[in-house]
Amino acid sequence: MTSSRDRAERASRARVAATRIEAEGVDAVALGWVDNAGVGRVKAVPVRQLEHAAQWGVGASPCFDHFLVDDAMAPGGGPVGDLRLVPDLDRLTRLAAQPGWAWAPVDRYAQDGTPHPGCQRLFAARTAAGLESRGLAVRAGFEVEWVVCAEGGTGAGAGPAYGMRRLIGASDYLRDVVRALQEQHTHVLQIHPEYATGQFEVSVAAAGPVEAADLALLVRHTVLAVSERHGLRATFAPAVTPFGVGNGGHLHLSLWRDGRNLGHGGLGPHGLTREAEAFLAGVLAELPALLALGAPSAASYLRLVPARWSGPYRCWGLENREAALRLITGSTGEQANAEVKCFDAAANPYLAVGGVLAAGLSGLDRALRLPPEVPGDPATADGVERLPATLAEAAAALRDSEVLREAMGPQLHAAVLAVREAESELFEGRTPEEIIDATRWRY
């Protein structure tokens, strides 16, 4: 339960923060979270209400735990109850592309100050703390891919995949994306045209697991805002056109102990230490269930097909872009990391990173070892398992996963499962075009 001392400390910090951002021209603060369907939700307060919000939270119904992508509600949601949204002041950011606004992610608490068991951000924090209790840490980062369209839905950014022609045509727009992110103190590593028409990608520096999820949201919010200011419309949906490659939301992560990257210098495959190997083996073991967290939309399974480098196979390999788990040694040992390629940006990033950490912890507990790697195209390899090909299959895997059920807790696990099963039923029998039309502008 939150103590009066904690409330007073939060209020004091918020008072200082509000004074600072008000002097920078901020009038209001957006308090954001992501529901179990992967949709960003928000409440906002005037900057002078930030102190009260930090001390007492802002009310929000727990029904959002059961919201679907179309704003309908899965069984289990209802009109009763209230939660408190408490902003994380360490992540308070003045928004460069939304003059007069700041943003902060929130944790959700019950009225008595106890953590809400359905809070996805607190779930990610718990799994990160589980690693810390072992003297381990994870550095993580999400790739952010999006497609931008001109008003009316026509494609923007025409030109060859990864082509300079496309970069030139969108240079003012991409420059403003970079500028906005840098003004928000986000360390941009890369930005470039991607494969599909109008598709771009930005990568930012790795961070702790919860911060990485926060950054993924901040990057998406910034891209949306810059796009609006350029008269464009951006989408992070996993499928934008039938049979297109879609937008991924790949998760990169590396395991560390005492300042050392455990992805190199060890006795395991390609220099993995035994701890890093066990962690990744745990992730690989839970990948079918993890899809329900990292590829949560019916549209996700229009993207997750062979020959599109989406990682549709339950296998791993060194620099293998068709494997769901891609090992990257990097040009230096400190850059070694693993990429979960089967995830997309429809995911709630806190669920995605929390689930992966929980699976990795299970691998450490059981001292798992990786199976033989797949060095080529998994489609031509013997005995390689396809990951779930539908949302219903992924939901069934989540239902059966004792690892994720225990890590998430019964309330969060049940709520996520209810949303997945309801959305599977919602889109059953619909054509790819109908699924895309219903989801394209929701993410």
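Good morning. By the rule used here, the count comes to 4 cavities of 30 Å³ or more. A cavity is a set of points, on a 1 Å grid over the protein atoms alone, where a 1.4 Å probe fits but cannot get out, and lining residues have an atom within 4 Å of a point. Grid points are joined across faces, edges and corners, and a volume is the space filled by probe spheres set on the points.

This is a predicted model, in which local features need pLDDT of at least 70 and side-chain atom pairs count only at pLDDT 80 or more, while totals for chains, interfaces and linings use all residues. Residues are numbered from 1 along each chain as its sequence is written, and side-chain values use heavy atoms, with hydrogens and water left out.

I begin with the largest cavity. Its volume is about 120 Å³. The lining of the largest cavity consists of 16 residues, and Leu-253, Ser-254, Gly-263, Leu-272 and Leu-280 lie nearest the centre. Which elements each supply at least two residues of this lining? They are strand S12 (251–257), helix H7 (274–285), strand S15 (323–328) and strand S16 (337–340). Helices (H or I, at least four residues) and strands (E, at least two) are DSSP runs, numbered from the N terminus. By residue type, the lining of the largest cavity divides into 10 nonpolar, 6 polar and no charged residues. In this scheme Ala, Val, Leu, Ile, Met, Phe, Trp, Tyr, Cys and Pro count as nonpolar, Asp, Glu, Lys and Arg as charged, and the others, Gly among them, as polar.

The second largest cavity holds about 60 Å³ of space. Its lining includes Phe-142, Glu-143, Val-144, Glu-145, Ala-216 and Arg-220. Two or more residues of this lining come from S8 and from helix H6 (209–229). Here the division is 6 nonpolar, 1 polar and 4 charged.

Strand S8 leads us to a sheet. In it, 4 strands form an open sheet in the order S9-S10-S8-S11, with antiparallel pairing. Two strands pair if DSSP finds at least two bridges between them. The edge strands are S9 (188–193) and S11 (232–235), each of which pairs on one side only. From one strand to the next, the twist averages 25°. Within the sheet, S8 (residues 144–150) and S10 (residues 199–204) pair in the antiparallel sense over 4 bridges. Val-147 has Gln-199 as its bridge partner in S10.

Helix H5 (residues 171–183) lies across S8, S9, S10 and S11, and runs at about 165° to S9. Axes are lines fitted to C-alpha atoms, for helices over the stretch in contact, and angles run from 0 to 180 degrees between N-to-C directions. Contact means heavy atoms within 4.5 Å.

Buried means under 20% relative accessible area, exposed over 50%, and partly exposed in between, with a 1.4 Å probe and protein chains only. Val-148 and Thr-197 are 49 residues apart in sequence, and their C-alpha atoms are 8.7 Å apart in space.

Let me turn to strand S4. Why is S4 (residues 83–87) described as largely enclosed by the rest of the structure? The description applies because 5 of the 5 residues of S4 are buried. Leu-83, Leu-85 and Pro-87 point one way from the strand, and Arg-84 and Val-86 point the other way. In a regular strand the side chains alternate between the two faces of the sheet.

S4 has antiparallel partners. Strand S3 (residues 58–60) is joined to S4 by 3 bridges, and Ala-60 has Leu-83 as its bridge partner in S4. S4 also pairs with strand S6 (residues 101–110) over 5 bridges, where the bridge partner of Pro-87 is Val-106.

Asp-214 lies in helix H6 and is buried, with a relative accessible area of 2%. Leaving aside residues up to four places away in sequence, Asp-214 touches Arg-91, Trp-103, Pro-105, Arg-121 and Tyr-350.

Asp-71, in the loop between S3 and S4, has a positive phi of about 75° although it is not a glycine. At 37% relative accessibility, Asp-71 is partly exposed. Ala-307 also has a positive phi, near 70°. Ala-307 sits in the loop between helix H9 (300–303) and strand S14 (313–318), and is exposed at a relative accessible area of 66%. Thank you.

Definitions and conventions
1 Å grid on protein atoms, 1.4 Å probe; cavity = no way out; pocket = protein on both sides within 12 Å on 5 of 7 lines; lining within 4 Å.
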